[in-house]
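Dear colleague,

I am handing over the structure that we spoke about, and I would be grateful if you could read the notes below with it open beside you.

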Amino acid sequence: MKLKTFILLIVGISFLLVGCNTRDLDSGNAYETKNFVRIQEYGGVGYTLRGSRKETGEIAEENRAQVEQAVQNFFMKNYKTDVIIHNFVSAADGVSVFVESVGEPHFYTFAIVPVDVKNKEINIDSVWSQEGQVENAIKGGLYAMAFDEEFTKLNQYLENLTLEYPVVGTPIKAIENVMGTGFSTPYYFITPFGDVFKELFETYINSPELTRKELKIFFEENNNYDPDNVAVGIEFYMKDANTEPDEVIHEKVITEIREMQGIPKGSYSVMLNDNLIDPKSGIGAKENTLGHFSPERIIKE
């Protein structure tokens, strides 16, 4: 089905997360032919934030060790989490630093380091993140820890699809460098919300050494959460260039996810793009994207 409304929603979400550039969806194939790249080749090169200034990135790179230490301190102080620094992306008045957590809970996210261009200074004491961004990433990582067996089954199914059909996921390098979408794999990301997950986050902050066993107990005691409160966004790309999204493959995934037992509780959407992604925004959804979303999303109890 054609999903212009859904594509606009995805673009809007990306803007809220990282201030991505957007484009006129009606400009059509001319823009795509000139500016898009094959998904297999995308590792984040060309990614651009709205209103960014190259000077902020240059100053940050000149002070890279200082910036990295400030970001690591920010995550340890505020979220009891050690992180690996993957990438700097210039912003309007600072630099977005994309990171990956060390160990579990596992997730990808970002923090913003203000840069004073006039004085060529890094404001290391003012590192910040967008409201709820890191919190949601941690919640997703904790959810994946608690239901590791269920996620393993989902992972195996999605990985097998790439062996059986001409589809691929998002390169891990792109996820590391510019996505910042919380708990993510090449095939999906998850976004939990609601009171149970708020309590889960608070439990983690008070006791960051939570074990998988303790997390399982937490969910056994709080198993009344709504599956709508765990969004699981599955996204594939066609493997071959100049190939339209295959409706047969798309419907097969929808049907099999709907019928599958033993995968994580949640609200599932399934997207299938052609082979191209916009490197500036990191978005592959476009006019020909096939999608399955609200109100037809798949609810797994």
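T185 is buried, with a relative accessible area of 14%; buried here means under 20% relative accessible area, exposed means over 50%, and partly exposed is in between (1.4 Å probe, protein chains only). Leaving aside residues up to four places away in sequence, T185 touches N155 and I175, a contact being heavy atoms within 4.5 Å.

Please keep in mind that this is a predicted model, in which local features need pLDDT of at least 70 and side-chain atom pairs count only at pLDDT 80 or more, while totals for chains, interfaces and linings use all residues. Residues are numbered from 1 along each chain as its sequence is written, and side-chain values use heavy atoms, with hydrogens and water left out.

As for the chain as a whole, the protein chain has 10 helices and 12 strands, and of its 301 residues 52% count as buried. Among the contacts in the protein chain with a separation of 6 or more, 72% are accounted for by residues 24 or more positions apart.

The buried residues of helix 4 are V67, A70, V71, F74, F75 and Y79. They cover an arc of only 130 degrees around the axis, which puts them on the same side of helix 4, the arc being that of the directions from the helix axis to the C-beta atoms. A65 and K77, on the other side of helix 4, are exposed.

What follows helix 4 is K80, which lies in the loop between helix 4 and strand 2 (83-90). K80 has a positive phi of about 55 degrees although it is not a glycine, and at 36% relative accessibility K80 counts as partly exposed.

A positive phi is also found at K120, where the value is near 55 degrees in a residue other than glycine. K120 belongs to the loop between strand 4 and strand 5 and, at 62% relative accessibility, counts as exposed. E121 lies in strand 5 (residues 121-122) and is partly exposed, with a relative accessible area of 42%. Not counting residues up to four places away in sequence, E121 touches I59, P114, V115 and D116. The C-alpha atoms of E121 and N63, which are 58 residues apart along the chain, are separated by 8.8 Å.

P105 is placed in the loop between strand 3 (94-101) and strand 4 (108-116).

Helix 9 (residues 212-221) has L215, F218 and F219 as buried residues. They cover an arc of only 90 degrees around the axis, which puts them on the same side of helix 9. These buried residues of helix 9 pack against helix 5 (133-146) and helix 8 (195-206), whereas the face turned away from the buried side carries the exposed residues K213, E220 and E221.

On a 1 Å grid over the protein atoms alone, a cavity is a set of points where a 1.4 Å probe fits but cannot get out, and lining residues have an atom within 4 Å of a point. Grid points are joined across faces, edges and corners, and a volume is the space filled by probe spheres set on the points. By this rule the count comes to 1 cavity of 30 Å³ or more, and about 60 Å³ of space lies in the largest cavity. Its lining is made up of L161, V167, F236, I249, H250, V253, V270, M271 and L272, with helix 10 (247-259) and strand 9 (266-273) each supplying at least two residues. The lining divides into 8 nonpolar residues, 1 polar and no charged, where Ala, Val, Leu, Ile, Met, Phe, Trp, Tyr, Cys and Pro count as nonpolar, Asp, Glu, Lys and Arg as charged, and the others, Gly among them, as polar.

With kind regards

Terms used:
Helix = DSSP H or I, 4+ residues; strand = E, 2+ residues; numbered from the N terminus. 1 Å grid on protein atoms, 1.4 Å probe; cavity = no way out; pocket = protein on both sides within 12 Å on 5 of 7 lines; lining within 4 Å.
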